[in-house]
Amino acid sequence: PVSTDPVGTDPASEPAVSRAHLPEGDDGSAGTAVIVGSGLIGASLGLALSAQGWRVHLRDVAELALSQAVSLGAGVSTPPSDVQAVSLVAICVPPSAVAELVVEVAREFPAAIITDVASVKAPIVAAVKQAGGVERFVPGHPMAGRELTGPTGARSDLFEGRPWVLIGDEASGQAHASIKALIQSVGAIPVTMTASGHDAAVAVVSHTPQLIASAMAAQLGSVDDSVLDLAGQGLRDTTRIAASDPHLWGQIVGANGSAVAAVLDGVIADLQSVRSALGSQTAAVTVESLVQRGREGQASIPGKHGGQAARYSAVAVVIPDRAGSLAALFNAVGELRVNIEDLTLEHSPGQPVGLATLFVSPPDADALSKGLEQAGWIVHR
């Protein structure tokens, strides 16, 4: 169900995006856009488009979110003076409201190409079709986000290097080409899929992981604080996305129920197998099998720039928990001319120090460790 457009996986290797297909003003400048919904995605898109010179008009029923997005520079809250001049409408609201809004804005802005960012596509595509269809509607879904919600978490570079799915079987060629060019202009990588293929894919890579993280985090509500004092980075990593918006995720998973159910069935079967084996002589073998399969699955996740996942060496450095410590560590690593591929931070309970684990290429690990030790840092390999 997936066909990736031949644009490569490394944004740095992309040719400059031509504005030939981008909606624009009569004077050749960036066009006028209306963004409906000023949450994390809407505000981030507004920031990215405003930085390119677009005239962005924001709408939101939540006045506080709208005022925050405006104050960040994501756009203005005043309506466009000429509806015919609006060349793009992006609908950035929860899935249940998208289809109705598509029909409404198509009437209001007769010259605009319309897209959305909802993380479930098949129900929206079906609802728009049932309402009569809108040829200028190109359904989309940027595979970008944060555990933060609302415009205060918005970033103009949120979409850099991230896949942005377009449903390519529901739009006219020109509308699809315009939205594809727009996506490339904000640094994202267009990926064309069918609506059903998209929903099955996000059930695996997004929706079910959210439920698993939330289920684990939900167990912590009845745990004594003294137990949670022992929590390390593993628990934090596992439950990070559990801080997400409950209302939004209720809509998302509810709209993608059958696809999520298929993935959950497999997860439940694996956990039930472990549960049944616990206390028996087969427990160790059963757990080992699951962990090994999980290890292999984790290794199949693409690495940076969409390439094959790389193996890195971990160098752990003790750092004081005070302002400037992390910057000093980065400066020390920079002087050794070692590239940090990834980083985790842990704080020591009751102690004014933390542990920064630097992930680097294996050939660099020894030189980094020795160099940091010589510079006075406490290092663990």
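Helices (H or I, at least four residues) and strands (E, at least two) are DSSP runs, numbered from the N terminus. The structure is a predicted model, in which local features need pLDDT of at least 70 and side-chain atom pairs count only at pLDDT 80 or more, while totals for chains, interfaces and linings use all residues. Residues are numbered from 1 along each chain as its sequence is written, and side-chain values use heavy atoms, with hydrogens and water left out.

**The whole protein**

Begin with the entire protein in view. It contains 13 helices and 13 strands. Of its 381 residues, 38% count as buried (buried means under 20% relative accessible area, exposed over 50%, and partly exposed in between, with a 1.4 Å probe and protein chains only). The accessible surface comes to about 19,900 Å², and carbon and sulfur atoms account for 55% of that surface; such areas come from the Shrake-Rupley method with a 1.4 Å probe, and for residues only the protein chains shown count as cover. Among contacts between residues at least 6 apart in sequence, 67% join residues at least 24 apart (a contact means heavy atoms within 4.5 Å).

**Helices H3 and H4**

Select residues 95-108, which form helix H3, and residues 122-130, which form helix H4. Two packed helices are described by the angle between their axes and the distance between the axes. Here the axes come within 9 Å and cross at roughly 30°; axes are lines fitted to C-alpha atoms, for helices over the stretch in contact, and angles run from 0 to 180 degrees between N-to-C directions. H3 and H4 are therefore roughly parallel to each other (angles under 35 degrees count as roughly parallel, over 145 as roughly antiparallel, 65 to 115 as roughly perpendicular and the rest as oblique). H3 passes H4 in a right-handed crossing; a crossing is left-handed if the near helix is turned anticlockwise from the far one by less than a right angle, and right-handed if clockwise. To see the contacts, display Pro95, Val98, Ala99 and Val102 in H3, which meet Ile124, Ala127 and Val128 in H4.

**The aromatic pair**

Next, select phenylalanine 159 and tryptophan 164. Rings of Phe, Tyr and Trp (its six-membered ring) pair if their centres lie within 6.5 Å; planes under 30 degrees apart count as stacked, over 60 as edge-to-face and the rest as tilted. By this rule the count comes to one aromatic pair. The ring centres of phenylalanine 159 and tryptophan 164 are 5.1 Å apart and the planes stand at 45°, so this pair is tilted. Phenylalanine 159 counts as buried, at 1% relative accessibility, and tryptophan 164 also counts as buried, at 4%.

**Helix H6 and its partners**

Proceed to helix H6 (residues 195-218) and helix H10 (residues 257-277), whose axes come within 8 Å and cross at roughly 55°. That makes H6 oblique to H10, and their crossing is right-handed.

Ser206, His207, Gln210 and Leu211 in H6 meet Trp249, Ile252 and Val253 in H9.

Isoleucine 241 counts as partly exposed, at 23% relative accessibility. Its C-alpha atom is separated by 6.4 Å from that of glutamine 210, which is 31 residues away along the chain.

Select valine 285 in helix H11 (residues 283-299). Valine 285 counts as exposed, at 58% relative accessibility. Valine 274, 11 residues apart from valine 285 in sequence, is 9.5 Å apart from it in space, C-alpha to C-alpha.

Then select arginine 337, in the loop between helix H12 (325-335) and strand S11 (342-347). Most residues other than glycine have a negative phi. Phi of arginine 337, however, is near 60°, a positive value. At 77% relative accessibility, arginine 337 counts as exposed.

End at proline 352, in the loop between S11 and strand S12 (353-360). Proline 352 counts as exposed, at 64% relative accessibility. Which residues does proline 352 touch, not counting those up to four places away in sequence? They are Pro320 and Asp321. The C-alpha atoms of proline 352 and aspartate 321 are separated by 5.2 Å, although the two residues are 31 residues apart along the chain.
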